[in-house]
Amino acid sequence: MTGKKQELSERIQREFEICEKHLSRIDEALEALEIALPLTVDAYKVETLRDVKERLQKWIK
């Protein structure tokens, strides 16, 4: 591999590693959020928008 190709390959690899870190953090946040807010359609069928807002406010505090 030429020097330029090697450099480009390494840069792309670093960018993918950064993306993986972001995806991991998003997954962790979603897991934490699911504890406070059930993220299913059925769970929200019985709740009003006000109920959802109250749950969010309690979880954020």
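**Exercise 1. Name the order of the elements from the N terminus on.**

Solution. The elements run α-α-α. Now count by type: the chain has 3 helices and 0 strands. Helix α1 covers residues 3-36. Helix α2 covers residues 41-45. Helix α3 covers residues 49-60.

**Exercise 2. Find where confidence is lowest and where it is highest in the chain.**

Solution. Start with the whole chain. Its average pLDDT is 83. A score of at least 70 is reached by 85% of the residues. Then go helix by helix. Confidence is lowest in helix α2, with a mean of 69. The highest value belongs to α1, at 90. Keep one caution in mind: where pLDDT is low, predicted coordinates should not be read in detail.

**Exercise 3. Work out what share of the chain counts as buried, and what supplies its exposed area.**

Solution. The chain has 61 residues, and 7% of them count as buried. Next, take the surface. The chain exposes about 5,800 Å². Carbon and sulfur atoms supply 58% of that area.

**Exercise 4. Locate the salt bridge and describe its two partners.**

Solution. First, search the whole structure: 1 salt bridge turns up. Second, name the partners. The side chains of R50 and E54 meet at 3.4 Å, N to O. Third, test the distance. The pair qualifies because the cut-off is within 4 Å. R50 has a relative accessible area of 61%, so it is exposed, since exposed means over 50%. E54 has 32%, so it is partly exposed. The general idea is simple: side chains of opposite charge can pair when their charged atoms come close.

**Exercise 5. Identify the residues of the negative patch on the surface, and classify E28.**

Solution. The patch gathers D27, E28, E31 and E34. E28 lies in helix α1. Its relative accessibility is 52%, so E28 counts as exposed.

**Exercise 6. Identify the residues of the nonpolar patch on the surface, and classify F16.**

Solution. L8, I12 and F16 form this patch. Together they have about 310 Å² of accessible area. Now take F16. F16 is found in helix α1. Its relative accessible area is 53%, so F16 is exposed.

How values were computed. Residues numbered from 1 in each chain as written. Predicted model: local features only at pLDDT ≥ 70, side-chain atom pairs only at ≥ 80, totals over all residues. Heavy atoms only, no water. Helix = DSSP H or I, 4+ residues; strand = E, 2+ residues; numbered from the N terminus. Buried < 20%, exposed > 50% of the residue type's maximum accessible area, 1.4 Å probe, protein only. Patch = residues over 30% accessible without salt bridge, like charges linked within 9 Å, V, L, I, M, F, W, Y side chains within 5 Å. Areas by Shrake-Rupley, 256 points an atom, 1.4 Å probe, with all protein chains shown as cover. Lys, Arg positive; Asp, Glu negative; His and termini not counted. Charge placed at Lys NZ, Arg CZ, Asp CG, Glu CD. pLDDT = per-residue confidence, 0-100.
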